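Look at the sequence and the structure before reading on.

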Amino acid sequence: MNGDPPAAATGPVTRERLAAKKRAGQPITMLTAYDATLARTVDAAGVDCILVGDSLGNVIQGRASTVPVTLDDMAYHTACVRRGVERALVIADLPFLSYTDVASAVASARRVMQAGAAMVKLEGGAPVFDAVERLTALGVPVCGHLGLTPQAVHQLSGYKVQARDRDARRRLLDEARGLEQRGAAMLVLECVPSSLAAEVAEALAIPVIGIGAGVDVDGQVLVLHDALGLGGERRPRFVRDFMADAGSIPAAIEAFVAAVRDGSFPDAREAYGD
Ligand code: KIV
């Protein structure tokens with residue numbers, strides 16, 4: 001283990017505490033949750049951040065993408081999760097086209113923050129710079145999301161590894177820096193080559209959390225249903241079924257936390273090369 005104090009002794013997770021974890025080289029853990037019961041279970045396992053992801057469109061609503069998810073959906077599930085959590089930092093996704101300009105970003109963030117989030121996550125680079133800057137100035141911590149941005153699935157023509165060529169790598173690194181400069185408190189990087197993710201994590205002072213981004217970042221996030229082996233047959237390579245050897249949901253979540261903290265998740269087969 002990495003010398004983390006026991007969860008009960010640390011109090012609520014804050015953005016400051018996450019930044020300190022990055023500086024100390026202590027991997028950050030994040031899982032999604034969408035309801036109070038599983039949020040309580042995730043929280044009890046000592047997970048640092050609970051993401052009320054718009055992946056609820058897929059795993060709760062049975063939809064083919066996150067595009068149909070509404071702000072009402074996000075506020076409802078954020079409020080459910082909030083009731084189950086004592087310690088973890090609750091992050092809520094702003095849904096598809098709910099932050100196309102600064103005013104709508106502020107209105108959308110108000111909904112999910114008042115429902116119980118402590119940070120909002122939004123997807124994209126340059127087009128969201130103004131929103132990130134304004135939200136930060138207004139006291140709303142923001143998590144960026146670059147690489148495979150699922151809300152843009154139709155633009156990206158499917159769920160594919162991103163930023164494989166030199167120009168795209170440079171663009172992603174510039175956008176990551178741009179998000180940080182505008183005040184983003186954290187960044188999720190999804191489905192990018194491990195070497196690029198490592199470069200971004202090294203370049204930024206804020207925590208960079210990977211999903212399909214290799215092990216050389218500041219933490220890992222998975223969709224809870226995937227981590228519990230409920231993701232279906234077409235499992236992306238970055239997903240590990242922590243339920244397979246665990247025997248119970250709490251044990252599977254504890255196994256995820258342990259594997260992130262000791263650096264054994266993800267391994268090379270669960271990551272993408274150049
Ligand atoms: O919606 C979600 O669950 C996410 C994760 C995949 C990072 O954005």
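## Strand 2 and its partners

In this predicted model, strand 2 and strand 3 (residues 89–93) pair in the parallel sense, with four bridges between them. Within this pairing, Ile 50 has Val 90 in strand 3 as its bridge partner.

Strand 2 also pairs with strand 1 (residues 28–32), again in the parallel sense, over three bridges. Here Thr 32 is bridged to Leu 51 of strand 2. Between these two strands the chain passes through helix 2, and this β-α-β crossover is right-handed.

## Side chains of strand 2

In a regular strand, side chains alternate between the two faces of the sheet. Which residues of strand 2 point one way, and which the other? Cys 49 and Leu 51 point one way, Ile 50 and Val 52 point the other way, and all are buried.

Asp 48 lies in the loop between helix 2 (36–44) and strand 2 (49–52). Is Asp 48 buried or exposed? Its relative accessible area is 1%; buried means under 20%, so Asp 48 counts as buried.

The side chain of Asp 48 reaches the backbone nitrogen of Thr 29 at 2.8 Å. Leaving out residues up to four places away in sequence, Asp 48 touches a list of residues that includes Pro 27, Ile 28 and Thr 29. Also among them are Arg 87, Ala 88 and Leu 89, as well as Arg 261.

Key
Residues numbered from 1 in each chain as written. Predicted model: local features only at pLDDT ≥ 70, side-chain atom pairs only at ≥ 80, totals over all residues. Heavy atoms only, no water. Buried < 20%, exposed > 50% of the residue type's maximum accessible area, 1.4 Å probe, protein only. Polar contact = N/O pair within 3.5 Å; in protein donor to acceptor, adjacent residues only side chain to side chain. Contact = heavy atoms within 4.5 Å. Pairing = 2+ DSSP bridges. Right-handed = clockwise from strand over helix to strand, strands pointing away.
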